[in-house]
Amino acid sequence: MELKPIISVKDLHFSYKNHQVLSGVNLELYRGEIVSLLGPNGCGKSTLIKLILKLIKGKGEIAIDGKPLQNYSHKDIASHVAYIPQYNNTPFNYSVQEMVVMGRVSKLDFFALPSAHDYKVADKALQKIGIEHLKSRAFGQLSGGQKQMVLLARAIAQEVNVFIMDEPVAGLDYGNQIRLLELISELGSEGYTFLKTTHYPDHALLVSSRVVVMNGGVVICDGAPEDVISKQMIEDVYNIKADIIMHDSHRRCVPIFERKREAI
Amino acid sequence: MRYKKEAKYLLLATLTLAIVALLSLLWGQYQIDMSTFVEYLNYKLFSKGEIDSQTFTLIDNIILEIRLPRVLLAILLGAALSTSGAVFQAMFVNPLVSPGILGVLAGASFGAACGMLLSDSWLIVQVLAFAFGFVAVGFAVLIGSMVTNSRSTVMLVLGGVISAALFTSLLSIIKYVADPYSTLPAIVYWLMGSLSMAQLNEVAFVAIPILLSITGMIFMSKYFDLMSLGDEEAKALGVNVKLIRIVAIILATLASSLSVVMAGIIGWVGLIIPHIVRMAVGPSHRLLIPLSAIVGGAFLLLADAISRLALSVEIPIGILTSLIGIPIFIIVLKNARAAWN
């Protein structure tokens with residue numbers, strides 16, 4: 001039997017104020033994959049994610065579980081795909097538990113309040129991420145890393161299989177970046193599917209089953225991490241030199257620091 | 001039980017409201033003592049006990065004609081303004097907005113004055129108040145979004161200031177053309193804001209739409225949590241953002257516009273009550289919305305009691321809520337500014 005993609009994107013175009021952001025993007029996401037989207041600033045990674053989540057509208061075909069995106073309401077999408085945004089502060093300081101319970105709203109009837117079951121699911125999600133001790137803390141007072149963990153727990157509470165993350169490690173300190181990557185890798189091995197954008201080819205090598213590179217609004221490579229992330233690709237896309245080395249049986253991407261660099 | 005904490009706070013607030021309401025019924029230029037009131041109630045409700053008929057008629061008049069309508073109206077309007085304030089703050093992800101700041105109250109007062117000028121119909125006054133309240137908030141949002149695309153706390157507040165200023169000037173035109181011997185005094189007196197003209201049948205008439213919109217806002221409260229995270233996150237969590245926003249804004253505008261029709265512009269209540277409640281019980285709208293309604297009702301009732309009792313003449317309630325609201329808001333600003341960046 002042929003494997004069917006959970007998300008498929010065909011010939012997707014998007015322009016913003018006469019500026020062509022995406023010009024014919026194709027992408028497929030299969031169950032159990034961890035796909036890293038790489039590319040320089042402005043290449044259209046975040047735009048692609050927003051299009052898949054129907055946060056903005058473009059031209060082309062997007063389907064979730066074989067059904068065109070047009071036929072999905074936001075409520076339907078939320079019961080297939082969870083979005084983990086780059087955290088931003090809301091002026092209203094909810095507790096961690098309240099933040100996670102918000103992941104349950106798409107499951108509720110219009111007038112229903114979250115039930116004891118919803119709170120239980122939320123608590124379990126916090127346990128799974130290992131942050132149940134933060135439950136009563138105010139979300140706004142957490143560190144960037146803890147906030148990302150809470151948003152991941154919220155995604156788990158949504159009880160979906162597919163997680164879409166927009167630059168999950170942005171703004172995190174070094175330790176939290178690595179810990180978050182480990183967590184994503186762990187959840188991936190449990191069968192969760194990830195589509196995440198990243199600025200770090202090295203992170204893509206560490207935690208992905210597939211890497212998609214975008215540049216200038218199109219996908220330029222799509223394949224296994226060891227095939228896609230090469231010296232040549234780094235030079236073409238980012239205009240710097242890098243070495244791909246083996247370390248502790250992992251491929252790593254190490255940028256080469258040149259003292260005389262042309263102006264950025 | 002899941003919502004123990006919520007039930008506790010709601011019960012406590014309702015109890016406070018009941019006590020303030022009882023005291024408001026008893027206190028005034030003619031003091032009614034507790035035992036007389038109990039005798040009166042006993043006779044009125046169960047036709048039992050001894051009360052001389054002169055005292056009964058006097059108390060019956062004071063309670064039913066003067067104090068009860070006023071008490072009910074104060075609770076109703078306090079609840080309307082506070083819930084609207086909380087809902088506007090969530091809808092615009094902006095803790096600095098309120099029906100007053102968004103221009104709704106100014107727009108509604110212009111609409112209501114138009115209604116008074118054009119027709120004698122109470123319904124037309126209400127409909128125009130709501131319509132222009134809605135136009136005013138729309139105008140505020142339009143100006144707020146003209147300069148920057150992104151959501152800006154300050155720009156929306158400025159948009160509201162401009163919108164309020166516009167409708168205040170338009171109102172001045174109405175005053176200018178109104179008949180100086182009949183319509184003008186009526187408009188001016190009404191605008192100063194007072195609950196003293198309340199009559200039971202009028203209160204009942206306005207109570208229905210206000211209570212309906214407050215109930216609607218309470219039922220939608222779980223969506224306000226998600227909307228206050230911003231549009232994208234709310235959509236991704238499964239909220240029909242457009243629908244919820246338009247319905248919520250209509251309900252909040254309706255409730256606050258009708259408060260203007262009944263008692264003129266009562267500022268600050270819609271801004272400070274949600275803040276005070278949030279500081280006490282947290283930002284979750286499941287509790288914030290109903291609790292704001294009760295606390296707001298109690299607050300306006302208390303303010304009205306002060307306006308009646310403090311001096312030998314009555315102070316317009318709008319002036320009093322500003323005098324109480326401003327210092328409270330300064331404290332709130334000082335405590336909460338960190339979260340607003």
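Me: Is Cys221(A) buried, partly exposed or exposed?

Reply: This is a predicted model, and the class given here is computed from it. Buried requires under 20% relative accessible area and exposed requires over 50%. Cys221(A) has 23% relative accessibility, so the class that applies is partly exposed.

Me: How many disulfides does the structure hold over all chains?

Reply: A disulfide requires cysteine sulfur atoms within 2.5 Å. For Cys43(A), the nearest cysteine sulfur is that of Cys221(A), 12 Å away, and Cys43(A) is in no disulfide. Cys221(A) is likewise in no disulfide, with the sulfur of Cys43(A) as its nearest. Over all chains, the number of disulfides is zero.

Me: Is Cys43(A) buried or exposed?

Reply: The cut-off for burial is under 20% relative accessible area. Cys43(A) has a relative accessibility of 2%, and therefore counts as buried.

Me: Which residues outside the sequence neighbourhood is Ile184(A) in contact with?

Reply: Ile184(A) belongs to helix α6 of chain A, residues 174-189. Its relative accessibility is 0%, so Ile184(A) counts as buried. With neighbours within four places in sequence left aside, its contacts are Ile34(A), Met165(A), Pro168(A), Phe194(A), Lys196(A) and Val207(A).

Me: Where is Ser249(A), a residue with positive phi, placed in chain A?

Reply: Ser249(A) is not a glycine, yet its phi is positive, at about 60°. With 66% relative accessibility, Ser249(A) counts as exposed. Its place is the loop between β11 (242-247) and β12 (250-255).

Me: What is the phi of Trp268(B)?

Reply: Trp268(B) sits in the loop between α11 and α12 of chain B. Its relative accessible area is 29%, which means that Trp268(B) is partly exposed. Although Trp268(B) is a residue other than glycine, its phi is positive, near 75°.

Me: What is the handedness of the crossing of α3(B) and α11(B)?

Reply: The axes of α3 (residues 53-91) and α11 (residues 241-263) of chain B come within 9 Å and cross at roughly 150°. The crossing of α3(B) and α11(B) is left-handed.

Me: How many nonpolar residues does the contact of α3(B) with α11(B) have?

Reply: On the α3(B) side, the contributors include Leu73(B), Leu77(B), Phe88(B) and Met91(B), and on the α11(B) side they include Ile244(B), Arg245(B), Ala248(B) and Met262(B). By class, the contact has four polar residues and one charged residue, and the nonpolar number is 14.

Me: Which residues is Asp304(B) in contact with, leaving aside neighbours within four places in sequence?

Reply: Asp304(B) lies in helix α13 of chain B, residues 285-309. Its relative accessible area is 2%, so Asp304(B) is buried. Beyond its sequence neighbours within four places, the contacts of Asp304(B) are Arg70(B), Leu195(B) and Ile317(B).

Notes
Residues numbered from 1 in each chain as written. Chains lettered and ligands numbered in written order. Predicted model: local features only at pLDDT ≥ 70, side-chain atom pairs only at ≥ 80, totals over all residues. Heavy atoms only, no water. Buried < 20%, exposed > 50% of the residue type's maximum accessible area, 1.4 Å probe, protein only. Axes fitted to C-alpha atoms, helices over the stretch in contact; angles between N-to-C directions. Helix = DSSP H or I, 4+ residues; strand = E, 2+ residues; numbered from the N terminus. Left-handed = near helix turned anticlockwise from the far one by under 90°. Contact = heavy atoms within 4.5 Å. Nonpolar A, V, L, I, M, F, W, Y, C, P; charged D, E, K, R; others polar.
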